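Me: I have a structure here that I have not looked at before. Can you walk me through it?

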Amino acid sequence: MNTHTSSPARVSRFGWLLVLLLAASVVMAQAPGQRVKIDRRTISPNRPAPELYADKLALKLTLINLPGASEPSSSWQLEYKVYFVAEQDFERVVKQLNKEGKGRELSPEDFPTKILLADGQLNKRKLSTLPDRTLWRQGIDFKSKIPLEQQTAFASIMCFYSVKIYDAKLKKNVYGSDVFVVPPFDTNTNDRENFTANTTLYLNFYVADDGALYKSNRKSASETTQWRPN
């Protein structure tokens, strides 16, 4: 399966990249020792926060909707690579890419100090039900792979992926290639008082009746056949 995960991917608006970039710009403008406030929570940039790093991560892959899901010749192919990038390295690289006008097109090669957490691929044909279209990758080593000095709150977990979906009802191939970026702390929680370690990453895909492909990395989107990006 050739899915080109090393080619530049346009950063999805549903990722946390914008938040991270805004946080980075605030951090660079602040004096050392100051904090960033998110909701009612405060956090110190570029300082170790090992309590926000889970020992293990899980990756949930979901094909939310497919018009031709009940067709036996429909198929879902996916390739993914999950990396960790240290906070200062991410800020430096993205700042340089923005200067070059390439800030929304990222590839793994842009981050030479990245740490590979997981990679894999799938080729699935039984897609009739949502459970059929949901796969889990459990037990991804995380905290033990990251040097203590890099275990900071605004480091980045980057999930690059390429997907090819054939819908037999529409008689159409659907392609997508992108990257989602999240911090090590949980962004799917309703807790506005405390930071907790992120334990699950999400890759969700939705094929509309016209063949358009929508993507999300939100937990809520993985739990329904309706399109809920946020």
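Predicted model: local features only at pLDDT ≥ 70, side-chain atom pairs only at ≥ 80, totals over all residues.

Me: OK, back to arginine 92. What does it form a salt bridge with?

Reply: Aspartate 89 is the partner, and the closest N and O atoms are 3.1 Å apart. A salt bridge here is a side-chain nitrogen of Lys or Arg within 4 Å of a carboxyl oxygen of Asp or Glu.

Me: How many salt bridges does the structure hold?

Reply: Four. One of them joins the side chains of aspartate 141 and lysine 56, at 2.2 Å from N to O. That pair links distant parts of the chain, with aspartate 141 in strand S8 (residues 134–141) and lysine 56 in strand S4 (residues 53–65), 85 residues apart. Aspartate 141 is partly exposed at 31%, and lysine 56 is partly exposed at 44%.

Me: Which residue does lysine 81 meet in a salt bridge?

Reply: Aspartate 119, with 3.6 Å from N to O. This pair also links distant parts of the chain: aspartate 119 is in strand S7 (residues 115–124) and lysine 81 in strand S5 (residues 75–85), 38 residues apart. Aspartate 119 has a relative accessible area of 35% and is partly exposed; lysine 81, at 22%, is partly exposed.

Me: Zooming out, how many helices and strands does the chain have?

Reply: The protein chain has two helices and 12 strands. Along the sequence they run β-α-β-β-β-β-α-β-β-β-β-β-β-β.

Me: How much of the chain is buried?

Reply: Buried residues are 53% of the 230 residues. Contact means heavy atoms within 4.5 Å, and among contacts between residues at least 6 apart in sequence, 76% join residues at least 24 apart.

Me: Give me a buried example. Where is glutamate 87?

Reply: Glutamate 87 is in helix H2, and at 2% relative accessibility it counts as buried. Leaving aside neighbours within four places in sequence, glutamate 87 touches Pro45, Asn46, Thr152, Ala153, Phe154 and Ala155. From glutamate 87 to alanine 153 is 66 residues in sequence and 8.0 Å in space, C-alpha to C-alpha.

Me: What about tyrosine 206, where is its place?

Reply: Tyrosine 206 sits in strand S11 and is buried, at 16% relative accessibility. Its contacts, leaving aside neighbours within four places in sequence, include Ile64, Asn65, Tyr214 and Trp227.

Me: Different topic. How many cavities of 30 Å³ or more are there?

Reply: Two. On a 1 Å grid over the protein atoms alone, a cavity is a set of points where a 1.4 Å probe fits but cannot get out, and lining residues have an atom within 4 Å of a point. Grid points are joined across faces, edges and corners, and a volume is the space filled by probe spheres set on the points.

Me: How much space lies in the largest cavity?

Reply: About 120 Å³. Of the 15 residues that line the largest cavity, the closest to its centre are Val182, Asn198, Leu201, Tyr202 and Asn217.

Me: Which strand gives the most to that lining?

Reply: S11, with four residues.

Me: Last one. What is phi of lysine 171 near?

Reply: Near 55°, a positive value in a residue other than glycine. Lysine 171 is in the loop between S9 and S10 and is exposed, at 67% relative accessibility.

How values were computed:
Residues numbered from 1 in each chain as written. Heavy atoms only, no water. Buried < 20%, exposed > 50% of the residue type's maximum accessible area, 1.4 Å probe, protein only. 1 Å grid on protein atoms, 1.4 Å probe; cavity = no way out; pocket = protein on both sides within 12 Å on 5 of 7 lines; lining within 4 Å.
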